[in-house]
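Subject: The two-chain model, handed over

Hi,

Here is the structure I promised to pass on. Open it up next to this email and follow along as you read.

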Amino acid sequence: MLSRTADHLYWMARYMERAENIARILDVNHRMSMMPQSAVQQEQAWGATLRIMGLEGAYYRSHGELSADNVLAFMVFDAENPSSVRNCLRAARENAHAVRGTLTSELWETTNGTWLKMRDFTPEMLADSGAGEFFEWVKYRSHLSRGVTIGTMLQDESLRFIRLGTFLERADNTARILDVKYQLLLPAGEVEGGAADYHQWSALLRSVSAFEVYRKVYRDLITPSRVAELLLLRVDMPRSIARCLKEVYSNLQAVANDHSAETERRAGELEAQLRFGRIDDIVRDGLHNYVVRLLSRVQDLGNRIADDFLVPVS
Amino acid sequence: MSNKTFYNEMIDEAGRVRPHYASFASWLSEMPEERISQKRAEADALFHRHGITFAVYGENAGTERLIPFDIVPRIIPADEWAMLQAGLRQRVKALNLFIHDVYHDQNILKAGRIPAEQVLNNAQYRKEMQGVDVARDLYAHIAGVDIVRAGKGEYYVLEDNLRVPSGVSYMLENRKMMMRLFPRLFSRYRVAPVDRYPDILLNTLRSVAPTGVADPTVVVMTPGAYNSAYFEHAFLAQQMGVELVEGQDMFVQDDQVFMRTTRGPQRVDVIYRRIDDDFLDPTAFRKDSVLGVPGLLQAYRAGRVTLSNAIGTGVADDKSIYPYVPDMVRFYLDEEPILHNVPTYMCRKADDLAYVLDNLAKLVVKEVHGAGGYGMLVGPAATKAEVEAFRQILVAHPERYIAQPTLALSTCPTFVDAGIAPRHIDLRPFVLSGEEVQLVAGGLTRVALREGSLVVNSSQGGGTKDTWVLEA
């Protein structure tokens, strides 16, 4: 298939996935803000949200003070924020538009329909009817587009590049969520456990639809290292990084070409390390450092995929 | 101008419903008004959701608008279509022969049937094409011929679009929409299907591949997602199951065209290009074009790739050449033309110019190279000041204009804000020339939605209708 087509498919999927993850992160904070907590804690939580996406600088430049309403407006609607939900859904739609002939009509209509509906939302509506409903909507539109993708697309290269985009983006986003929350919730020296933590950790799990999963898998108290294990290493957990890398690797194998061997090797290496990794080792060496290295390797894979497949070379 | 001077497709002079509309009229009268408005709203919503839109130039960049769709179909009886079809085949055959002739032996010029300087000095005549042989000697593989009905219902050819005619996707989508909205209506009529068009198009394109290519790779070439007709480009590529490429996706090596794919370069044999000659190849035509492919012309001249339509077809659909088309039919086919031209005054001729200047308020004056309804004067609809302003332009550059009598274009009942009212329509059937000359029974009917307006172009507020050709 055309390199440019693959590029649009890949980014369509990445932006849709990103919109979903931002909605998830915002939703958690939104829920937390309804629980008793100090102003400082609230502020930290919104600050962390910005840090997850690496948008602190941009936010402070345009908004100054931290406030729930401002962060929501910035992360959902802001035209200047390339990662606002609105811009992500628009970018997903623009990419789909550019290759609409490659998509099934259902997938195109879903993506286009999501964007058309997004245009109707206003900050006032979020304030009135509750932002939670909006975040649900984003999540479900993303579920829908994924379902339509899997349910209607021929299992050829097009689907592979869409899936690559989805899982690379998700790996990146899950890693960021884990990292920031982990630092925020577990300041150095503090002991694990405690009642105050419960809400925080369960909120983190909920943000990646893993609360029930956690209960099912561990049937025990929520502890930070198990949360980290679940999100990093459990291959059966659909939003874990191990799962994402497994998908990245297999989709990469399916589209392999003459010059993609090294990219494939690196993806396979990372996948194996996650598959065989032990959480105790990771925690002992420092989770933050581990995640930082992980993020840079995920980014490296993204760059290499672009070079090998997406950027036109003659 | 009173309404009864126009031929109404549905109602005859005595106010009776014409036989081929009878069943539709009774169906319509049974439909409650709310139901109709509900269906019309549904159509709009569906077109939006499907993204069947066109980009508007000049307004906010990136704006997409719907082309208004009217639910009253334009119905063509079988015998009328049989005549149109024969006439269109004949006309497009002659046009292809003409294009081949003017780039080779120029017999028609030597015979004095068309003034040589009119062809050879025409801006649309491409010297690069002289002596170049193209597959099957065919140039206009896809032709969109605009036909109007006037007077007591006679058909006239208004213009031959032989460069990159658009609109066929609306022919197909309008039919789908009608079938979705009013499935029962189709049990009352035997409407000839149009959905084979993409198949026939693909076959046509494959049949004009460079000689010796066994399994040709066909692509659709678009200027990009912001082009006004992008929807159609994507639609046709998808329906044919071929790649939709932009200039940047292709390159030329050793006179062979390749596209950049995820598995490396892949050879391209036939390019259905939806982009003007000028933008095809920055090394040969417009240097500032970023849409084209450097070296494409060279590969084309070497016979290694087919461009569809060929370069240089514009010389045959130019408004200054149009008056000679009936003569082409006689000259090349030795037949009498089945379809008539609209009488045309060529302002470059002194006699004609004098007549035009005397009768400006009655005439339609068009730019010879214009398209899309821009830069024209519709005398009867213009103010005195507009007519006078145009007179100045005409005197300064008579050679740029032709004039035609204001045709009393036929009307078809159409839903407007005030209810159902007659609105002027035209018809664009699509003629495909490859191994054989083929067309599906139908076309795009455009309708001028403003009361009294004769301009049907979508860029000027025109809408579309489903076009039904009845089976005999």
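Before we start, one cut-off to keep in mind: a residue is called exposed when its relative accessible area is over 50%, and buried when it is under 20%. Also, please remember that this is a predicted model.

With a relative accessible area of 71%, B:Asp334 is exposed. You'll find B:Asp334 in the loop between α12 (325-333) and β13 (340-341) of chain B.

B:Arg136 sits in the loop between α5 (116-120) and β4 (142-150) of chain B, and at 45% relative accessibility B:Arg136 counts as partly exposed.

As for peptide bonds, have a look at B:Ser308 and B:Asn309: the bond joining them is cis, with omega about -5°. B:Asn309 belongs to the loop between β12 (306-308) and α11 (314-317) of chain B.

Which residues does B:Ser207 touch, leaving aside its neighbours within four places in sequence? They are B:Arg136, B:Gly434 and B:Glu435. B:Ser207 is part of helix α8 (residues 197-207) of chain B, and with a relative accessible area of 15% B:Ser207 is buried. A polar atom of the B:Ser207 side chain lies 3.1 Å from the backbone nitrogen of B:Glu435.

Next, a helix with two faces. In α13 of chain B (residues 350-358), the buried residues are B:Asp352, B:Leu353, B:Val356 and B:Leu357. Why do they end up on the same side of α13(B)? Because they cover an arc of only 130° around the axis. The general rule behind this is that an α-helix has 3.6 residues a turn, so residues three or four places apart point the same way. The buried residues of α13(B) pack against β14 (345-346), β15 (363-367), α14 (384-396) and β17 (401-405) of chain B. On the face turned away from that buried side you'll see the exposed residues B:Ala350, B:Asp351 and B:Asp358.

Finally, zoom out to where the chains meet. Chain A brings 29 residues to the contact and chain B brings 23. About 2200 Å² is buried between chain A and chain B, with carbon and sulfur atoms giving 44% of it. On the chain A side, A:Leu2, A:Arg4 and A:Arg100 lose the most area to chain B, together 27% of what that side buries.

There are three salt bridges between chain A and chain B. Between chain A and chain B, 15 residue pairs are in polar contact. Several helices of chain A, including α1 (3-32) and α9 (157-185), each supply at least two residues of the side that touches chain B. The largest share of that side, five residues, comes from α6(A). By class, the side of chain A touching chain B has 15 nonpolar, eight polar and six charged residues.

Enjoy exploring!

Definitions and conventions: Residues numbered from 1 in each chain as written. Chains lettered and ligands numbered in written order. Predicted model: local features only at pLDDT ≥ 70, side-chain atom pairs only at ≥ 80, totals over all residues. Heavy atoms only, no water. Buried < 20%, exposed > 50% of the residue type's maximum accessible area, 1.4 Å probe, protein only. Helix = DSSP H or I, 4+ residues; strand = E, 2+ residues; numbered from the N terminus. Arc of directions from axis to C-beta. Contact = heavy atoms within 4.5 Å. Buried area = accessible area lost by both parts, 1.4 Å probe. Salt bridge = Lys/Arg side-chain N within 4 Å of Asp/Glu carboxyl O. Polar contact = N/O pair within 3.5 Å; in protein donor to acceptor, adjacent residues only side chain to side chain. Nonpolar A, V, L, I, M, F, W, Y, C, P; charged D, E, K, R; others polar.
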